[in-house]
Amino acid sequence: MSGKSVLKRLDWLTILIYAILVFIGWLNIYSSTFTEADQSIFNFSTLHGKQLFFIMASAIFVVIVLALEVNFYERFSSLFYLISMVMLLGLFVFGKTVAGATSWYDLGFFNLQPSELAKVTTALALAKYLSDIQTDIKRRKDQLYAILILLIPVILIVPQPDPGSALVFFALIFVIFREGLPLYYLSIGLFLILIFVCTLMFGTIWITIGLVLGLILFFLLKRKNFKVPIFQVAIACIATILFSLSVNFVFEEVFEQRHRDRFSLWLRLEKDPKKLEEIQKTIGYNTYQSEKAIESGGFYGKGFLEGTRTKGDFVPEQHSDYIFSTIGEEWGFLGTATVVILFTLLFLRLTSLAERQKNDFSRMYGYGVISILFVHFFINVGMVIGILPTIGIPLPFMSYGGSGLLFFTILLFIFLRLDSNRLKESF
Amino acid sequence: MRKILLSSIIIIIGITFIGRLSYLQIFRFSPNQVMEDPAIKAIYDYPERGYIYDRNDKLLVGNDPAYDVMVIPREVKPLDTLEFCGLLGIDKEKFIKSLKKAKTYSSRLPSVLVHQLSKEDYARLQEKMRKYTGFYIQKRSLRYYDTSSGANVLGYISEVNERDLAKNKYYIQGELTGRTGVEKQYEELLRGRKGVQYIQKDRFNRDIGPYKNGSLDTLPIQGKQISLTIDKVLQEYGEKLMVGKRGGIVALEPSTGEILSMISGPTYDPSLLVGRQRSKNYTKLYNDTIANPTWDRSILAQQPPGSPFKALNALIALQEGVIDENTTIRCYNGFYVGRKKRGCHCGGGLRNMNSGIHKSCNAYFAGAFRKIYDKYKSTDDGMDVWEKHMKSFGLGNYLGYDLPYGQKGRIPSKEYYDKWYGDNRWSSSFIISNSIGQGEVLATPIQLANMMSAIANRGHYFTPHILKKIEGKNIVNPKYTEPKHTTIERKHFAPVIEGLADVYRKGTARWVQIPGIEVAGKTGTAENFTKIDGVRTQLTDHSVFVAFAPVNNPQIAIAVYIENGYYGSRYAGHIASLMIEKYIKGEVTLKNLEKKMLEKTLEHEYAKPYSGKEFKINEYVW
């Protein structure tokens, strides 16, 4: 296949959105690391200079990814997965520790973060396994294998410790759902999260009362000839109450104070406004500052390089995890809304690309890409604007960080490469 | 279902984020953010507070430099507390307490740690200040008083409290604001506007440079110099006469409504409320709830006005046409209300308007008052007319002068009596005491002085005011420069003023005549009661005197109200005459009266109700 025809069949809309996001990201990294003393763009001792280097390196990798044979990815996906798991294991011996987490290999000019690589390889491996002709996702055993593919990197990443990155892998469950994992797994999961939150907010007593009221209402409104599986309902109710009680126990006895504080901040459990403000300013310092920075931007923002809180370095990690707050302060609601809309468009576009794949592997991998990017976007922006608890993961394409940008780019462009070949049913 | 699950979640999350962002950036956005932004530090430049002069441009209030030790809690580094406290001249506990208070207010805004260092302390501290990061010395100016009088009129300044901070965003902790009197009323004129310079800071509170290149910075605006209508000499003289007496004096210039003096007794030296002894002195003054020196009686004490009210009732009766100056009413050493007799001290016999006024005949005015009501079909209608006339003299409501406090006094209305007695269950005999300024009427000294001013002007007055000039230019506020007309026609004033002049020539005030000055005045003796151990007990009458002079070219209208001073010409009459002479002639020839007033005090009267023993009232001996 000639390179020219690949270019013609690439989805340029996706590439355009990608390029805009990378550009906006770099502009704001420049703003949040900018100092009066050093204004040159191509200074590789500055963070924005380094990021520019990573952007160029990513461009090279894009070319490589597009140039490779399309069936290369499917054929070697198991091997890639194995290599990346070995690299994660190797961290326990050779890893470099930054800010308390042993998540990097020191390559001299560059710190490589294998968990970023693992996101790509796990998506590939999962797609490969699910698309295998012998796999039937309706079978319990196959469900278990599929989930195991996600769990291995999680198990290897949690002890680094980097729970934020580990959490991302669970997003790949979406892929399994798309391919037929019964939806009650999802329903039960959501129900348990709901009970968890409600227990913290209202207490077990109210949950019990709510259940009883719900049952009464149900019996009053049900059709006469509807048979109620009384035994199952009773078991479910008791299980719910037990779960609620165990939430209380875990929250009070297992969690540490800092965890409790994060939750009481998130769910506004602390009713005393003075104490709440105190928690906001200590435990929630990052979120508090980023929220304030975004708020102070108003509708139009303070202007490029004019953000006072950005200049004063009030938001910690502003160039990496909190890059969105720079956008909020300097570009205002116009800027933040634009970024949210761009991401939403990108995800919807990718969803429609994935759905049009004739090849199962391509579709499943596409779903993997969307799930991973989306969960990053959701957790990162949610944290920065203060509606989710603090979980440190980057905003794709925008946050400062070489491994992140590089592997998100590879993740995306492998899919675009597969998509460019969609008209052929087999490779 | 499975195909659209992810898309739906993506769209819902997108909408949620945009919703949250619009809440943060549109609804919660506050345009006042420069002040709240921790990345911006404001450095203030305080202008000097404006000087206050009297009507003849004599200095009343100026400024003295003072030095406050300020602290910015988050910049404080560990220090040798003991040595520092020694330098500041405070003990360690107080230091820790003040520091904690400053921290509670704000960890990044400056707070005052020690107020108003003396010049010596300042000199000692200045060179060592560098050692203590987070602390600095701020120069401020303190009020300096070039008089020991006028404390209540001038008012004082004090540090803003939490309420002020919440009410007015201009102020920050530690700044000063006018608290009472002229200082409060003209706070914005006197204060000027502080200048501000914004500095961009980083998270570690280091200065990075000017914020927005200084485009938001402002220069301070100087406080204005103002001149009051007060006559410093007269004010000081009046306060000297008031020593040992309680009550209020207000002197006005009838042709302009300018307040020449406002005296409240007892008073205090305004310098007491300046400097480091301030709070001790303030507590002492504030806790004296019996003599109440911080309570400005000249505008706040509402008392029954007594006989001076007869002049107004005479004017109303003339205006209503129910009597003329020759109408006579017989006095039976009193008059009858139903079968009950009320007394009169005038001597009895036939009274006309002139003798009614100068002999202060109760029976004459009770008769005239009744005639006003008899003119109308119902008492209600009569009451309305009477109330309207009374209120046109500025009684029964706030006068509208430019001081922050006031009292309405009371001119009762028909509704007032309906509430007491029931609708239509009362008649003119119920309210007859109002004819002689007792009963339900109440007035403050400034209202009485204004009433005399209206009589002196033969039918109009200018709203009393205290501000004369701003930066040397006369005020032009029409509220104070346009006359307010009473409902009494000019022609009716002549006989009443003649009667008032006769009060001085041959009537109740003939003992206090001033050689060479024709005075129109009216004495008053107001009964008053207090409760001692729950028993209503009568005290010595209040001594009241109102006057204006000279009769044909009035330069001064005055009301003097001396609590428990007995009859009108006694304390009040003496003081009024002395002040009139002092103001018009510039010197006092009535040396006898002056000597008496300077020597006599009423402390023994004020002690009576607290003595716990039986006591006599209205003792004739001085």
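Colleague: Which residues line the largest cavity?

Modeller: Bear in mind that this is a predicted model, where local features need pLDDT of at least 70, side-chain atom pairs count only at pLDDT 80 or more, and totals for chains, interfaces and linings use all residues. Residues are numbered from 1 along each chain as its sequence is written, chains are lettered from A and ligands numbered from 1 in the order in which they are written, and side-chain values use heavy atoms, with hydrogens and water left out. A cavity is a set of points on a 1 Å grid over the protein atoms alone where a 1.4 Å probe fits but cannot get out, and lining residues have an atom within 4 Å of a point. Here they are B:Leu60, B:Thr147, B:Ser149, B:Gly150, B:Val153, B:Leu154, B:Leu228, B:Ile230, B:Lys232, B:Gln235 and B:Glu236.

Colleague: Which element gives the largest share of that lining?

Modeller: Helices are DSSP runs (H or I, at least four residues), numbered from the N terminus. In chain B, H6 (151-154) and H10 (232-241) each supply at least two residues of the largest cavity's lining. The largest share, three residues, is from H10(B).

Colleague: Which residues of chain B line the second largest cavity?

Modeller: Chain A puts in A:Phe174, A:Phe177, A:Arg178, A:Leu183 and A:Tyr367. From chain B, it's B:Arg2, B:Leu5 and B:Leu6.

Terms used:
1 Å grid on protein atoms, 1.4 Å probe; cavity = no way out; pocket = protein on both sides within 12 Å on 5 of 7 lines; lining within 4 Å.
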